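The points after the display are grouped by topic.

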Amino acid sequence: MKANDIIKDVDLQRAGHELSSGTLCSYIAELEERIYTELVCTHKNPDNIEYTAISEDTTLIAPARYKDMYVFYVLAKIDYIRQDTSRYTNNMIMYNELYSDFANWWNRTYLPNQKYKMEW
């Protein structure tokens, strides 16, 4: 899944939002950084996932089934700027639920880093 896929969905749901794709990419980058610091860096990383600058062609960390997590996050940012509190609240509720599901999946899929080893 690429950042461009998220931008297309956001453009469909918030036609006329007047934000550039660069601004939308910066919102996606905020979420990618959170995922990287809270989940990737705290777990074994067999896929060697690295945090990179986000452009429209960047492949995102989360698998495609968590696409809506990114979409709701960006929609919430747009609604926050527009001061549409009811939409913002709904989008954040959906985003938080999806982020929690994604974090649970990550915790089940990748082993956490071990700081200490038990020796007998």
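**Briefing**

Glutamine 83 is exposed, with a relative accessible area of 69%; exposed means over 50% relative accessible area, buried under 20%, and partly exposed in between, using a 1.4 Å probe and protein chains only. The model is a predicted one, in which local features need pLDDT of at least 70 and side-chain atom pairs count only at pLDDT 80 or more, while totals for chains, interfaces and linings use all residues. Residues are numbered from 1 along each chain as its sequence is written, and side-chain values use heavy atoms, with hydrogens and water left out.

**Loop residues with positive phi**

- Glutamine 83 lies in the loop between α3 and α4, and has a positive phi of about 60° although it is not a glycine.
- Glutamate 18 is also not a glycine, yet has a positive phi of about 65°.
- The place of glutamate 18 is the loop between α1 and α2, and with 77% relative accessibility glutamate 18 counts as exposed.

**Overall build**

- The protein chain contains 4 helices and 0 strands, where helices (H or I, at least four residues) and strands (E, at least two) are DSSP runs numbered from the N terminus.
- Read from the N terminus, the order of elements is α-α-α-α.
- The C-alpha trace spans about 65 × 30 × 20 Å along its principal axes.
- Of the 120 residues in the protein chain, 38% count as buried.
- Among contacts (heavy atoms within 4.5 Å) with a separation of 6 or more, 75% are between residues 24 or more positions apart.
- The protein chain has an accessible surface of about 7,500 Å², and carbon and sulfur atoms hold 50% of this surface; the areas come from the Shrake-Rupley method with a 1.4 Å probe, and for residues only the protein chains shown count as cover.

**Nonpolar core**

- A nonpolar core is a set of buried Ala, Val, Leu, Ile, Met, Phe, Trp, Tyr and Cys residues joined through side-chain atoms within 4.5 Å.
- The largest such core has 38 residues, and Ile28, Ile35, Met69, Tyr70, Phe102 and Trp106 touch the most other members.
- At least two residues of this core come from each of α1 (3-13), α2 (21-40), α3 (67-81) and α4 (85-109).
- Helix α2 gives the most, with 10 residues.
- Apart from neighbours within four places in sequence, tryptophan 106 is in contact with Leu39, Val40, His43, Ile49 and Ile61.

**Charges and salt bridges**

- There are 13 positive and 18 negative side chains, and the centres of the two sets lie 4 Å apart.
- In that count Lys and Arg are positive and Asp and Glu negative, with His and the chain ends not counted; the place of a charge is NZ of Lys, CZ of Arg, CG of Asp or CD of Glu.
- The count of salt bridges is 5, a salt bridge being a side-chain nitrogen of Lys or Arg within 4 Å of a carboxyl oxygen of Asp or Glu.
- One of them joins the side chains of aspartate 79 and arginine 14 (2.8 Å, N to O).
- This pair links distant parts of the chain, with aspartate 79 in helix α3 and arginine 14 in the loop between α1 and α2, 65 residues apart.
- Aspartate 79 is buried at a relative accessible area of 0%, and arginine 14 is buried at 8%.
- Another joins lysine 77 and glutamate 30 through their side chains (3.1 Å, N to O).
- Lysine 77 in helix α3 and glutamate 30 in helix α2 are 47 residues apart.
- Lysine 77 is partly exposed, with a relative accessible area of 25%, and glutamate 30 is partly exposed at 33% relative accessibility.
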